[in-house]
Amino acid sequence: MSDMSAGRLWGVGLGPGDPELVTVKAARLIGEADVIAFHSARHGRSIARSVAAPYLRDGQIEEALIYPLTTETTDHPGGYQGAIDDFYADCAVRLAAHLDAGRDVVVLCEGDPLFYGSYMHMHKRLAHRYTTEVVPGVTSVSGAAAVLGRPLVERDEVLTVLPGTLPGEVIAERLAATDSAAILKLGRTFAKVRDALAEAGRLDEAWYVERATTGAQRLAPLAEVDPDSVPYFSLALIPSPVNAAVPGGPAATEPARETPETEGARGEVVVVGLGPAGRPWLTPEAQEALAAADELVGYGPYLDRVPPNPRQRRHPTDNRVEAERAAHALELAAGGSRVAVVSSGDPGVFAMASAVLEVACEPRFADVPVRVLPGLTAAHAVASRAGAPLGHDYCVLSLSDLLKPWEVVAERISAAARADLVLAIYNPASKSRTWQVAAARDLLLEHRAPQTPVVVGRDVGGARESMTVTTLGELDPAAVDMRCLLLVGSSTTRVAKRGDGAPVVFTPRRYPA
């Protein structure tokens, strides 16, 4: 059990060598620590400390853990392993003295602390006694793959990681049974590893990576490397066989994904519902389609709701040219672009989906794929703010007579009223249409009681959102504009007040017999 007054032990991974690949957490802990511990050979130079140097601060205590030997012979009675075990035990005692005094200790480790890392020897000796946390780092294997520009493994492939200190025949056997491989701890083992690669028939696939991500980085086909030039901080890598390629060049055995710049590319049109307002109302599916698009087409104010991306071309249009807008989008897609046509709310509710599909049915666009992605429609947004006025049967209609005669609108209002349906009324008024709200109210009053609940939702989800609950008899047409949506209740719709006093509107699921 750890002493609560003692310091904390941190094993901090530094990544493969580039100080900019040190994680944010590692950099913070290095700067905050009382004690910085690091390993080095007898020359005293520490790669780990050099990587961490940008994050150190003045006044920190440094504990240099200097190996008494590396591969040299020793007269220690326990041999090499005995000498190393005594060294680690001594290091643990030194760090424990700081921890017992309440000082936090960060042990630096190249790569990842628990992936062939030097830190693990301190962890095994101290973690059961002190509060300890390990901060992972980018491994040398990941760093090597990154500088080669080659995938390690794809799909169901298997990656095998081997130390070069294994017997050559074991290395060869493992290499013959895997897809990709990384062989660490080269240095003096290089010649043996190269022979094992040749025995396994993998030498021509292998790459040599030395000091990956640093200024001294070296990459080469492993078969061309001089064994006498190989340091310990190097590895052999057999990348994924799916995309064999030269470093810095294209991975060429798998067909490249088609893009608008690729000859014969095939685009598509995706009609996207943006919801009533703001990113929280946008579905993940719609976000994905917008992110993948090459071209964005739509009414200007709706396009303004999509964050700009310089990779994408934007085509804003007036709100009264739906057919032309649809044709433009389909022409762009026929040329190979991925086109997103944006609509407010749901594109299939008084919006762009029907316009696009109507034009898409022309013979010239027969081969252009079209998808429609749903969005949160205004009726549902307003209903959610009011409670559940659409809890039973309801109808949706538009008061606009721009695309259909008023006589048709009036007949549908009367029919819905006679059928005792809740009504969701879109496009109730505009600057040029100011009389339809009063006319609709009068038609409804022929079949509905004046006390019928009415919800007026304005700019729902926007900065100027407002909700008004009134009655059909008291509805003021002058208070309704194009930013509004009306919900007119049925004979069963109720208005109630709960604990906070705010009105709640709902239509019960059960209809009276």
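1. Tyr67, Phe87 and Tyr88 make up one aromatic cluster. Rings of Phe, Tyr and Trp (its six-membered ring) pair if their centres lie within 6.5 Å; planes under 30 degrees apart are stacked, over 60 edge-to-face, and the rest tilted.

2. This is a predicted model: local features need pLDDT of at least 70, side-chain atom pairs count only at pLDDT 80 or more, and totals for chains, interfaces and linings use all residues. Residues are numbered from 1 along each chain as its sequence is written, and side-chain values use heavy atoms, with hydrogens and water left out.

3. Searching the whole structure gives nine aromatic pairs. One of them joins Tyr232 and Phe233, edge-to-face, at 5.4 Å centre to centre and 90 degrees between the planes. Tyr232 is partly exposed at 46% relative accessible area. Phe233, at 37%, is also partly exposed. Buried means under 20% relative accessible area, exposed over 50%, partly exposed in between (1.4 Å probe, protein chains only).

4. Trp406 and Trp435 are edge-to-face too, because their ring centres are 4.9 Å apart and their planes stand at 70 degrees. This pair links distant parts of the chain, 29 residues apart: Trp406 is in helix H13 (residues 406–418), and Trp435 is in the loop between strand S18 (422–426) and helix H14 (436–445). Helices (H or I, at least four residues) and strands (E, at least two) are DSSP runs, numbered from the N terminus. Trp406 is buried at 15%, whereas Trp435 is partly exposed at 41%.

5. Asp195 lies in helix H7. Its relative accessibility is 49%, so Asp195 counts as partly exposed.
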